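Dear colleague,

Please read the notes with the coordinates open beside you.

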Amino acid sequence: MPVGQKMTSTVEEYMTNDLLDELLALDPAVLTGVVGKDRRDPHLTIREWMAEPLGGGGGSSNVFRVSGSAGERPWKVVAKHYAHPVEQDDPDMGILVFQSGELERLPPGMRPPRVYGTHKGAKGDWLWMESLEDTGPKQWTLEIFQRTARLLGRFNAAYLGRTP
């Protein structure tokens, strides 16, 4: 069984600890498949990883960064957990949105994170996706705010009068 590290904060720690434990006890084959898609290398081997909460995903979801190394190659992915009642077998709406293909038709200049798969966990469904990093300046300039406003305007206009 891999040795993992838990990185938690005091914010909703009681809620995230069970999910962190679930991530750290994950079958290495699941994680190898996810990271293999991220790194475009189906033959890599993962032995150790750690997980940290990134904050709430809204509603009944939580978001985590899972990272480690495959040999000398570091990697990180995002795992979003959707909690649902045990008797519910249907995937969460958030997972269905990614599976629908609608996000592939976003307006120019926008794209969703790449999705690497889903799996059922003990307390809900997991959606595995690309870890996106903000590579821009920490202090936003007026130009960055303007570009962001334009992109959000395009996004909203693309779905004006219809469901995305």
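In this predicted model, Trp-75 has contacts that, once its neighbours within four places in sequence are set aside, include Leu-31, Val-35 and Arg-39, then Ile-46, Glu-48 and Trp-49, and finally Val-66 and the run Ser-67, Gly-68, Ser-69 and Ala-70.

Trp-75 also belongs to the largest nonpolar core, a set of 21 residues in which it is listed with Leu-23, Leu-31, Ile-46, Trp-49, Val-66 and Trp-128 among those having the most contacts inside the core. Two or more residues of this core are supplied by each of the helices α1 (13-24) and α2 (28-39) and the strands β2 (49-58), β3 (61-70), β4 (73-83) and β6 (124-130), and α1, with four residues, gives the largest share. Apart from this there is a second, separate core of six residues, among them Val-63, Val-78, Tyr-82 and Met-129. As background, nonpolar side chains in soluble globular proteins tend to be buried together.

Ser-67, one of the contacts of Trp-75, lies in strand β3 and counts as buried because its relative accessibility is 14%, where the cut-off is under 20%; leaving out residues up to four places away in sequence, Ser-67 touches Trp-49, Met-50, Trp-75 and Lys-76.

With best regards

How values were computed: Residues are numbered from 1 along each chain as its sequence is written. This is a predicted model: local features need pLDDT of at least 70, side-chain atom pairs count only at pLDDT 80 or more; totals for chains, interfaces and linings use all residues. Side-chain values use heavy atoms; hydrogens and water are left out. A nonpolar core is a set of buried Ala, Val, Leu, Ile, Met, Phe, Trp, Tyr and Cys residues joined through side-chain atoms within 4.5 Å. Buried means under 20% relative accessible area, exposed over 50%, partly exposed in between (1.4 Å probe, protein chains only). Contact means heavy atoms within 4.5 Å.
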